[in-house]
Amino acid sequence: MNNAPSSGFPRLMLWAIGGLMGLTMVLSAASRLSGATPSLIGESPTVASRELRFEDRSDGSIAVIDATNQSQIEIVPPASNGFLRGTLRGLVRERKRESIGAEIPFTLIGRADGHLLISDAATHRLVDLGAFGHTNAEVFAHLLTPSPHRLAANTDASRSTP
């Protein structure tokens, strides 16, 4: 006679958990293979947008260029603005992975519901900048509208830097 205690966990429950995990994996794979892309961002109307290019400079700064008229909007000083640099690094990495150059500009989009997005038409990537917090979104928000004062201040600052 075997007097060993039973495991105490019903086998039916184990089979149900395993089946649920398997079904989740199958549905997830089917969604990926079908090309469906989840969208958590509603289709709120666009109230402002601006096509931008970002050019790395030899001194480590980044020039922000309005792609419609090729005017320089701002100079991001070297070793500053980590959020902007990190966001662009992720977008550019995706372009490199798909062998896409920098010719196609990014689009900065302001929506009526307050969302601020950066879109990459080359890779069809859309980043909700507000998801990283209001302070980080502000790094991009000021680039949405032209400001001659900001350009003059940045141009003067870049001239005075050795």
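1. In this predicted model, β4 and β5 pair in the antiparallel sense over 5 bridges; strands count as paired if DSSP finds at least two bridges between them. Within this pair, I109 stands opposite L117 in β5. Helices (H or I, at least four residues) and strands (E, at least two) are DSSP runs, numbered from the N terminus.

2. Two further antiparallel pairs involve β1. β1 and β4 are joined over 6 bridges, with E51 opposite T107 in β4. β1 also pairs with β2 (residues 62-66) over 5 bridges, and here E55 faces A63 in β2. The hairpin of β1 and β2 has 5 residues between the strands, and G60 takes a positive phi near 95° in that hairpin.

3. Taken together, 6 strands form an open antiparallel sheet in the order β3-β2-β1-β4-β5-β6. β3 (71-76) and β6 (125-128) stand at the edges, each with a single partner strand, so one side of each has no neighbour in the sheet. From one strand to the next, the twist averages 30°.

4. Helix α3 packs on the sheet, where α3 touches β1, β4 and β5, and the direction of α3 makes about 60° with that of β5. Contact means heavy atoms within 4.5 Å. Axes are lines fitted to C-alpha atoms, for helices over the stretch in contact, and angles run from 0 to 180 degrees between N-to-C directions.

5. Helix α3 (residues 134-141) has A137, V139 and F140 as buried residues. They lie on the same side of α3, because they cover an arc of only 140° around the axis; the arc is that of the directions from the helix axis to the C-beta atoms. The face turned away from the buried side of α3 carries the exposed residues H134 and T135. Buried means under 20% relative accessible area, exposed over 50%, and partly exposed in between (1.4 Å probe, protein chains only). The buried residues of α3 pack against β1 (46-56), α2 (82-97), β4 (106-111) and β5 (116-120).

6. The axes of α2 and α3 come within 9 Å and cross at roughly 75°. The contact residues divide into 5 nonpolar, 2 polar and no charged. In this division, Ala, Val, Leu, Ile, Met, Phe, Trp, Tyr, Cys and Pro count as nonpolar, Asp, Glu, Lys and Arg as charged, and the others, Gly among them, as polar.

7. E94 is found in helix α2. Is E94 buried or exposed? E94 is buried, with a relative accessible area of 19%. Not counting residues up to four places away in sequence, E94 touches T123 and R125. E94 and A122 are 28 residues apart in sequence and 9.5 Å apart in space, C-alpha to C-alpha.

8. Overall, the protein has 4 helices and 6 strands, following the pattern α-β-β-β-α-β-β-β-α-α along the sequence. Of its 162 residues, 31% count as buried. Among contacts between residues at least 6 apart in sequence, 48% join residues at least 24 apart.

9. On conventions, residues are numbered from 1 along each chain as its sequence is written, and side-chain values use heavy atoms, with hydrogens and water left out. For this predicted model, local features need pLDDT of at least 70 and side-chain atom pairs count only at pLDDT 80 or more, whereas totals for chains, interfaces and linings use all residues.
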